[in-house]
Amino acid sequence: MATGLFGVSWTEIIDFLLKLAPAASIVGGILAARVQLRSNRQINAVMIAKNHYREMLDAFLKNSDILYLGSNPTSFAELKKDIPRYRRYRTLFTLMSFAMQELYLAMDLKREKNWEHMIRVFISLFRNYILSPEDYGPYNHQALTPSFLAFLMDTAQNFEHSAARTSVAQYLKDETRLT
């Protein structure tokens, strides 16, 4: 009888491997299922985030009369005097912050630069609100994850929306007063 490995015959080794095959296939199946589950979780997270994004866009469309009013300091100060409109503005900020947080957490922003820029653009619409300690204080920070809060604050401090630079907010404020 020919000696195989470590003094064990080749037939015994083959018999052992044949008995081990079902267990190996079960372990392989478990590992594959785990990878699939992780992939499905990522797909579900992106789908949920995009649903929140669509809801936010719908709310922005319905409230476009006040959306840009907070984009520069002058129109933001005027907006704060009009309590009902300011409440709508804060509600829009809440919708935006949760939708953008969902996208921020679901997407790989290192690879998805277009999504990162889009998140920054929407955050910048609320720049003056975010940077105002009396309006957006530490109590409000608790609702966001620390990583997204850091991203939000960085964006508010270093990114200005184009509407603020072109004074579009001033023109929109004048138009909404006429209607």
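1. The face of helix α3 turned away from its buried side carries two exposed residues, Pro73 and Lys81. The buried residues of α3, which spans residues 73-81, are Ser75, Phe76 and Leu79. Buried stands for under 20% relative accessible area, exposed for over 50%, and partly exposed for what lies in between (1.4 Å probe, protein chains only). Helices are DSSP runs (H or I, at least four residues), numbered from the N terminus.

2. The model is predicted: local features need pLDDT of at least 70, side-chain atom pairs count only at pLDDT 80 or more, and totals for chains, interfaces and linings use all residues. Residues are numbered from 1 along each chain as its sequence is written, and side-chain values use heavy atoms, with hydrogens and water left out.

3. Leu103 belongs to helix α4 (residues 83-106). With a relative accessible area of 0%, Leu103 is buried. Leaving aside residues up to four places away in sequence, Leu103 touches Ala49, Lys50, Tyr53, Trp115, Met118 and Ile119; contact means heavy atoms within 4.5 Å. Leu103 and His52 are 51 residues apart in sequence, while their C-alpha atoms are 8.6 Å apart in space.

4. A search of the whole structure finds 9 salt bridges. The term stands for a side-chain nitrogen of Lys or Arg within 4 Å of a carboxyl oxygen of Asp or Glu. Side chains of opposite charge can pair when their charged atoms come close.

5. An α-helix has 3.6 residues a turn, so residues three or four places apart point the same way. Lys62 is exposed at 62% relative accessibility, and Asp58 is partly exposed at 37%.

6. Asp82 and Arg85 form another salt bridge, the closest N and O atoms being 3.7 Å apart. Arg85 counts as buried, with 12% relative accessibility.

7. Arg111 and Asp108 also meet through their side chains, in a salt bridge of 2.8 Å from N to O. Arg111 is exposed at 69% relative accessibility, and Asp108 is partly exposed at 32%. Elsewhere, salt bridges that share partners join Lys113, Glu116, Arg120 and Asp154 into one network.

8. Glu116, a member of that network, sits in helix α5 (residues 113-124). Its relative accessible area is 15%, so Glu116 counts as buried. Apart from residues up to four places away in sequence, Glu116 touches Leu109 and Phe151.

9. Trp10, Ile14 and Leu18 make a nonpolar surface patch of about 340 Å². Patches are made of residues with over 30% relative accessible area and no salt bridge; like charges are joined within 9 Å and nonpolar side chains (Val, Leu, Ile, Met, Phe, Trp, Tyr) within 5 Å. Accessible areas come from the Shrake-Rupley method with a 1.4 Å probe, and for residues only the protein chains shown count as cover. Leu18 is placed in helix α1 and is exposed, with a relative accessible area of 58%.
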